[in-house]
Amino acid sequence: MIDESTPVFNGSVEIGLRSLLLLEAFYPEKLDLNAISLLDYFVVHTADIGGPDSLHPAISARVGEYRVRRTLIQDALHMLRRISLIEIVEADDGIRFVSGDDAPAFVKLLSSDYNRDLSTRATWLADRVREDGTHFFTYMRQLLDRWSLEFQTEEGLTNG
């Protein structure tokens, strides 16, 4: 539940809104936690994959964002489920999430420039996945794996 100690930024509220915009853009597609985690990273770093300008800065250690967000994304998805903005679907290969009936009306209320830009990038990602299918997910995962390795190598050189 959201209380006074729940951070607005870099917490379940911010990540929940991003997850909701992604699930709306991908509707009626059902996404698992791994896909949402990957898309959550790239929706704010779209320039890294040939998309529109990124919403977040291209700092060198940004790949670490992907690794630390997973638990926050899980918390955010549970929050969205509790307030009926998403639904959980049991699939043959595990649990998936899909935008709920109330999500479109809620998303329309997110009228700030940032949220409109985020929605545009979520739609761009959904269109790319629809065009390229699972190949685009594979491409995004390979980029993160390569950058993680490069970052670890740089850290190793810096630390000794």
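At what angle do the axes of helix α2 and helix α5 cross?

**Whole chain**

Start with everything shown as cartoon. This is a predicted model. Six helices and two strands make up its secondary structure. Trace the chain from the N terminus and the elements come in the order α-α-α-β-β-α-α-α. The protein has 160 residues, of which 41% count as buried. Take the contacts with a separation of 6 or more: 68% of them are between residues 24 or more positions apart.

**Stop 1: α2 against α5**

Select residues 33-43 for α2 and residues 113-132 for α5. Their axes come within 10 Å and cross at roughly 125°. The two helices are therefore oblique to each other. The crossing of α2 past α5 is right-handed. Now show side chains. From α2, pick Leu39, Phe42 and Val43; from α5, pick Leu118, Arg121, Ala122 and Leu125. These residues make the contact. Sorted by class, they give six nonpolar, no polar and one charged.

**Stop 2: Val43**

Stay on α2 and centre on Val43. Is Val43 buried or exposed? It is buried, because its relative accessible area is 1% and the cut-off for buried is under 20%. Show what surrounds Val43, leaving out neighbours within four places in sequence. Its contacts are Arg18, Leu22, Leu55, Leu118, Arg121, Ala122 and Leu125. Next, draw a C-alpha to C-alpha distance from Val43 to Trp124. The distance is 8.8 Å, while the two residues are 81 apart in sequence.

**Stop 3: α1 against α2**

The axes of α1 and α2 lie 10 Å apart, and the helices pack at an angle of about 105°. That angle makes α1 roughly perpendicular to α2. On the α1 side, select Ile15, Arg18, Ser19, Leu22, Leu23 and Phe26. They meet Ile36, Leu39, Asp40 and Val43 of α2. Colour this contact by class: seven residues are nonpolar, one is polar and two are charged.

**Stop 4: Ser19**

Which residues does Ser19 touch, not counting residues up to four places away in sequence? Select Ile36, Ile73, Leu77 and Leu80. Ile36 belongs to the α2 side of the contact at the previous stop.

**Stop 5: α1 against α5**

The axes of α1 and α5 come within 8 Å and cross at roughly 45°. These two helices are therefore oblique to each other. α1 passes α5 in a right-handed crossing. In α1, select Glu14, Arg18, Leu21, Leu22, Ala25 and Phe26. In α5, their partners are Tyr114, Asn115, Leu118, Ser119, Ala122, Thr123, Leu125, Ala126, Val129 and Arg130. By class, this contact holds 10 nonpolar, three polar and three charged residues.

**Stop 6: Two backbone details**

Most residues other than glycine have a negative phi, and most peptide bonds are trans. Two places in this model depart from that.

Go to the loop between α1 and α2 and find Pro28. The peptide bond from Tyr27 to Pro28 is cis, with omega near 10°.

Then move to the loop between α3 (63-82) and β1, and select Ser84. Ser84 is not a glycine, yet its phi is positive, about 60°. With a relative accessible area of 40%, Ser84 is partly exposed.

**Stop 7: The strand pair**

Follow the chain on to β1, residues 86-91, and β2, residues 94-99. The two strands run antiparallel. How many bridges join them? There are six. Select Ile88, then look across to β2: Phe97 stands opposite. Finish at the turn, where a hairpin joins β1 to β2 through two residues.

Notes: Residues numbered from 1 in each chain as written. Predicted model: local features only at pLDDT ≥ 70, side-chain atom pairs only at ≥ 80, totals over all residues. Heavy atoms only, no water. Pairing = 2+ DSSP bridges. Helix = DSSP H or I, 4+ residues; strand = E, 2+ residues; numbered from the N terminus. Axes fitted to C-alpha atoms, helices over the stretch in contact; angles between N-to-C directions. Parallel < 35°, antiparallel > 145°, perpendicular 65-115°, else oblique. Left-handed = near helix turned anticlockwise from the far one by under 90°. Contact = heavy atoms within 4.5 Å. Nonpolar A, V, L, I, M, F, W, Y, C, P; charged D, E, K, R; others polar. Buried < 20%, exposed > 50% of the residue type's maximum accessible area, 1.4 Å probe, protein only.
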